[in-house]
Amino acid sequence: MTTQPPEPSPRPVPSGELRASHDDREAVVEQLRDAAAEGRIDFDELDTRLEQALTSKTHAELAVLTADLPPLRSAASLPPLVLKGGMHGASRGPGRWEVPGHVIAHGGMGGVKLDFTRVECRLAEIAVEAYGETSGVTIVIPDGWAADTNGMDPGVGGLKDKTTPARLPGTPLIRLTGSGGMGGLVIRHPNRREQRKLDNNPTQD
């Protein structure tokens with residue numbers, strides 16, 4: 001009986017030759033746009049690189065486009081954002097701001113407002129630790145985002161969740177913990193006045 005020689009094992013594909021996904025291309029597009037906004041590349045070069053990024057088929061082709069740029073900082077690696085209301089209050093938004101994976105808000109005497117309506121966030125989930133204390137915390141999230149408030153202690157001031165449960169694909173979930181304290185906590189979508197501002201100035205920083 002003759003034995004068949006073993007079939008050669010498939011050659012491992014070098015990482016640069018691996019096929020790029022839509023998410024891979026989108027990450028490079030974001031890095032290129034940030035580089036242009038920081039003045040690292042001009043807008044003509046941006047257009048050229050964007051076109052190449054959108055038609056790239058492998059990781060190696062994408063790597064060439066960002067080889068001379070600093071790496072994109074991941075939102076998940078950012079330190080927690082801490083807001084303290086103090087005597088005069090504190091807020092973040094409604095302009096564009098970098099959203100970390102963890103936000104801590106202390107209402108204090110002046111209250112805190114967190115407005116996510118103009119941010120671009122790729123995180124699957126944002127942990128918001130809120131303490132209403134004396135004057136409370138207000139959180140505004142875009143239509144299409146959703147919130148999980150099951151981990152929140154309403155305290156004396158209470159918890160008002162005015163959000164809709166419908167969550168659009170690719171949007172973060174706001175996971176709330178903490179306590180409403182005396183001032184309470186409100187989480188909602190934009191009101192009519194805020195929505196008019198968003199509609200009139202959709203790209204305002």
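Biologist: Which exposed residues does the face of H1 turned away from its buried side carry?

Modeller: This is a predicted model, in which local features need pLDDT of at least 70, side-chain atom pairs count only at pLDDT 80 or more, and totals for chains, interfaces and linings use all residues. Residues are numbered from 1 along each chain as its sequence is written, and side-chain values use heavy atoms, leaving out hydrogens and water. Helices (H or I, at least four residues) and strands (E, at least two) are DSSP runs numbered from the N terminus. With buried meaning under 20% relative accessible area, exposed over 50% and partly exposed in between (1.4 Å probe, protein chains only), the exposed residues on that face of H1 are His22, Asp23 and Ala37.

Biologist: Which residues of H1 are buried?

Modeller: Helices H2 (43–55) and H3 (59–66) are among what covers the buried side of H1. The residues of H1 that count as buried are Arg25, Val28, Val29, Gln31, Leu32, Ala35 and Ala36.

Biologist: Within what arc do these buried residues fall, seen down the axis of H1?

Modeller: The arc is taken from the directions that lead from the helix axis to the C-beta atoms. The buried residues line one face of H1, because they fall within an arc of 165°.

Biologist: How many residues does the largest nonpolar core have?

Modeller: A nonpolar core is a set of buried Ala, Val, Leu, Ile, Met, Phe, Trp, Tyr and Cys residues joined through side-chain atoms within 4.5 Å. In the largest one, Phe116, Ile126, Val128, Ile139, Ile174 and Leu176 have the most contacts inside it, and its number of residues is 25.

Biologist: Which strand supplies the largest share of this core?

Modeller: Several strands supply at least two of its residues each, including E1 (81–84), E5 (125–131) and E9 (173–179). The largest share, three residues, comes from E5.

Biologist: Does His189 count as buried or exposed?

Modeller: His189 sits in the loop between strand E10 (185–188) and helix H4 (192–200). Because its relative accessibility is 10%, His189 counts as buried.

Biologist: Which residue has its backbone oxygen 3.2 Å from a polar atom of the side chain of His189?

Modeller: The backbone oxygen lying 3.2 Å from a polar atom of the His189 side chain belongs to Ile141.

Methods. Polar contact = N/O pair within 3.5 Å; in protein donor to acceptor, adjacent residues only side chain to side chain. Contact = heavy atoms within 4.5 Å.
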